Amino acid sequence: MSWHVVAKVGEIEPGTSKVVTVRGRELGVFNVKGDYYALANKCPHEGASLCKGRIIGLAESDEPGHYRLTRQGELLRCPWHGWEFDIRTGQSWCDPVRTKVKAYHVKVETGEEVEKLGDKSKGPYIAETFSVSVKDNYILVDV
Amino acid sequence: MDTVTQQRVKARAGIFGHPAIDCDVHPAVPSVKTLMPYFDEYWREQFIARGIDRLNFVMTSQPPNAPITSRPDWRLPAGAKPGSDPAILGKHVLDAFGSSYAICNTIHGSLALHSDDMAAVFARAINDWLAKEWLDRDPRLRASIVIPLENPEFAVEEIERRAGDKRFVSVLMLVMGEQPLGRRTHWPIYKAAEKYGLPIVVHAGSTYRHAPTSIGWPSYFLEDYVNQSGAFESQLLSLVAEGVFSKFPGIKFVFAESGFCWLPAFMWRANKTWRGVRMEVPWVKQYPAEIIRAHVRFTIQPIDAPPEPGDLERIVEQIGSDDVLMFSTDYPHWQFDGTDALPKALTGSLARKVLWDNALATYSRLEVNA
Ligand code: FES
């Protein structure tokens with residue numbers, strides 16, 4: 001595993017995601033209320049591109065006929081069969097123990113730090129299409 | 001153990017080597033005339049004036065001469081309605097199978113009456129008649145409370161009226177009525193049932209408010225009988241989806257004559273679909289199969305009869321619980337011959353649960369005398 005720079009902070013608005021490819025794997029990087037999370041862009045059910053699904057809240061209820069939406073923006077609904085996943089953990093809401101989307105660690109570093117650490121052997125790796133500036137902060141994913 | 005006790009235990013152990021509780025037998029109301037003493041003057045007069053005392057109130061699906069209506073050796077002399085004699089029922093089902101208890105589910109044509117008042121009057125009369133002519137006569141008998149199905153307020157009144165008599169152990173409804181059973185219209189009934197520890201027995205049969213299949217009216221009994229399980233599936237889904245078990249966590253449902261071999265596929269399909277659309281029913285917080293295993297019980301006759309005993313074992317495994325099946329004979333209907341009421345695949349501890357434990361756990365008002 002190694003850290004990879006995948007986006008500039010500010011590039012992914014809260015409530016949205018960006019699809020990136022790191023070491024041949026497609027990931028979705030999500031901004032949930034200012035915190036970043038990364039999930040494999042592949043539903044554990046039948047493989048749909050999860051990032052095409054809607055980012056939603058959690059429908060809850062205390063009794064029949066009573067509806068509440070909580071945790072707005074923290075869940076992702078698969079575009080194919082509607083399974084709900086917790087963006088923070090990748091766990092399926094209905095079956096959290098057995099059904100999980102692979103989740104990756106994410107961190108934010110300053111451009112200065114990224115440049116300082118940027119070492120060919122240890123990472124963080126910076127895609128060739130990406131130029132790092134000391135003025136900005138960057139989102140890194142551990143893949 | 002002295003010999004007398006031994007003999008008694010043996011008698012109680014019946015033909016299956018273990019005592020049994022028969023969860024579905026059918027007393028028949030011989031005629032409206034039988035019920036006359038249980039109506040008040042107004043209704044007696046009305047029933048005579050309107051010729052209602054001469055109607056037979058037989059359910060359309062069970063005309064007396066249809067083969068399944070009664071096993072040949074269980075028919076009564078002189079053309080009396082099968083199941084209409086308590087002494088003979090005692091002999092045929094309690095003595096013959098060595099059952100310690102039998103639960104009477106009285107399926108009477110008045111369940112289909114459109115008049116709420118008349119339906120309530122019939123339900124009350126039938127329950128009074130059951131108490132006096134059946135329960136008083138044989139201490140092994142218990143009964144489901146007959147209720148007017150389409151007026152929950154009247155239904156609750158009838159439940160309250162019987163609540164003090166512990167020999168009424170459940171409430172009887174039909175699988176096909178005016179509305180899906182999960183709908184909130186029925187909730188007052190469930191509230192009362194939960195309060196008094198009465199499971200709801202949902203029995204095969206229709207009041208024919210709608211076609212008994214979802215594709216329209218069938219032509220033959222074959223279709224009517226086989227299609228019942230489809231209605232049970234729909235009701236099971238309605239109860240889960242509408243949140244009956246979230247609202248009334250203490251309630252149990254008994255599906256009588258539903259069959260149960262369809263359950264595994266149904267549970268798989270319901271579980272799978274729930275995962276995709278559970279947001280519209282957020283009160284359903286568990287897999288439907290888990291909810292069903294916790295709250296719904298199934299009587300074994302008529303059995304769907306998988307050809308090999310091993311098939312049945314596998315189905316019970318797939319249902320995923322030893323707690324859901326309960327012994328029944330469906331007397332006097334013709335579902336098996338001789339005393340083959342308990343499928344051979346049910347053996348050992350599973351047989352014990354089916355014959356006894358599961359019913360005791362379900363019918364909480366059934367007090368067993370040691
Ligand atoms: S592929 Fe995602 S729910 Fe089926």
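Over all chains, a search of the whole structure finds 28 salt bridges, a salt bridge being a side-chain nitrogen of Lys or Arg within 4 Å of a carboxyl oxygen of Asp or Glu. The model is predicted: local features need pLDDT of at least 70, side-chain atom pairs count only at pLDDT 80 or more, and totals for chains, interfaces and linings use all residues. Residues are numbered from 1 along each chain as its sequence is written, chains are lettered from A and ligands numbered from 1 in the order in which they are written, and side-chain values use heavy atoms, with hydrogens and water left out.

Chain A holds one helix and eleven strands, where helices (H or I, at least four residues) and strands (E, at least two) are DSSP runs numbered from the N terminus. Their order from the N terminus is β-β-β-β-β-β-β-β-β-α-β-β. The C-alpha trace of chain A spans about 55 × 30 × 20 Å along its principal axes. Of its 143 residues, 44% count as buried; buried means under 20% relative accessible area, exposed over 50%, and partly exposed in between (1.4 Å probe, protein chains only). One salt-bridge network in chain A, built through shared partners, joins Lys33(A), Arg71(A), Glu74(A), Asp86(A) and Arg88(A).

Chain A meets chain B through 21 residues of chain A in contact with 18 residues of chain B, contact meaning heavy atoms within 4.5 Å. Three salt bridges are counted between the two chains. Glu63(A) forms a salt bridge with Lys247(B), with 2.5 Å between the closest N and O atoms.

Within chain B, helix α7 (residues 187-196) has as its buried residues Trp187(B), Ile189(B), Tyr190(B), Ala192(B) and Ala193(B). Their cover includes α6 (152-162), β4 (168-176), β5 (200-206), α8 (221-241), α9 (244-247) and β6 (253-256) of chain B. Just after α7(B), Gly197(B) has a positive phi of about 70 degrees.

Side chains of opposite charge can pair when their charged atoms come close. In chain B, Arg162(B) and Asp128(B) form a salt bridge at 2.8 Å, N to O. Arg162(B) lies in helix α6 and Asp128(B) in helix α5 (residues 116-135), so the pair ties together parts that are 34 residues apart in sequence. Arg162(B) is buried at 7% relative accessibility, whereas Asp128(B), at 26%, is partly exposed.

Another salt bridge links Lys353(B) and Asp323(B), the closest N and O atoms being 2.5 Å apart. Because Lys353(B) lies in helix α13 (residues 348-362) and Asp323(B) in the loop between α12 (309-319) and β8 (325-326), this pair ties together parts that are 30 residues apart in sequence.
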